[in-house]
Amino acid sequence: FESFKVIREVDYIKEPKPSGYRSLHLIVSVPIFLHNEKKSMKVEVQLRTLAMDLWASTEHKIRYKKDNYISPADSQALLECAHSCSEIDRKMEQIYRNIQNSKKEQEKNKQ
């Protein structure tokens, strides 16, 4: 069974777009099975945290409606929200790591 292959990776987490958008985009080749054959199909996978997805979904609804005008102040506010979401992700990851380290320390002290 042939597995998927990463063709291209674009890391908007390490290097966010000017708008503040963050996500990891992967173009991958995956096997698909048809009636008489197996083919490779290219697909795009976008990996986001919940905070990133909330921001991206909301920003898309706001920015890409045909009749919406986005003022420079609103664009700046969206960018600030993107930074806030990133900070939330960073804090949540640190809390998770702290808890994992505490568990390891408790297990070590039991021995």
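Begin by selecting strand 2, residues 24-33, together with strand 3: in this predicted model, the two strands pair in the antiparallel sense over 10 bridges. Within this pairing, select leucine 26, whose bridge partner in strand 3 is valine 45.

The three strands form an open sheet in the order 1-2-3, with antiparallel pairing. Which strands stand at the edges? They are strand 1 (5-11) and strand 3 (38-47); each has a single partner strand, so one side of each is left without a neighbour in the sheet. Turn the view to follow the twist, which averages 20° from one strand to the next.

Now leave the sheet and turn to the helices. Two packed helices are described by the angle between their axes and the distance between the axes. Select helix 1, residues 50-63, and helix 2, residues 72-110: they pack at an angle of about 165°, and their axes are 9 Å apart. Because an angle over 145 degrees counts as roughly antiparallel, helix 1 is described as roughly antiparallel to helix 2. The crossing of helix 1 past helix 2 is right-handed.

Finally, display the side chains where these helices meet. Helix 1 contributes Ala51, Met52, Trp55, Glu59, Ile62 and Arg63 to the contact. From helix 2, select Ser75, Leu78, Cys81, Ala82, Cys85 and Asp89. How many residues of each class does the contact of helix 1 with helix 2 have? Colouring by class will show eight nonpolar, one polar and three charged residues.

Key: Residues numbered from 1 in each chain as written. Predicted model: local features only at pLDDT ≥ 70, side-chain atom pairs only at ≥ 80, totals over all residues. Heavy atoms only, no water. Pairing = 2+ DSSP bridges. Helix = DSSP H or I, 4+ residues; strand = E, 2+ residues; numbered from the N terminus. Axes fitted to C-alpha atoms, helices over the stretch in contact; angles between N-to-C directions. Parallel < 35°, antiparallel > 145°, perpendicular 65-115°, else oblique. Left-handed = near helix turned anticlockwise from the far one by under 90°. Contact = heavy atoms within 4.5 Å. Nonpolar A, V, L, I, M, F, W, Y, C, P; charged D, E, K, R; others polar.
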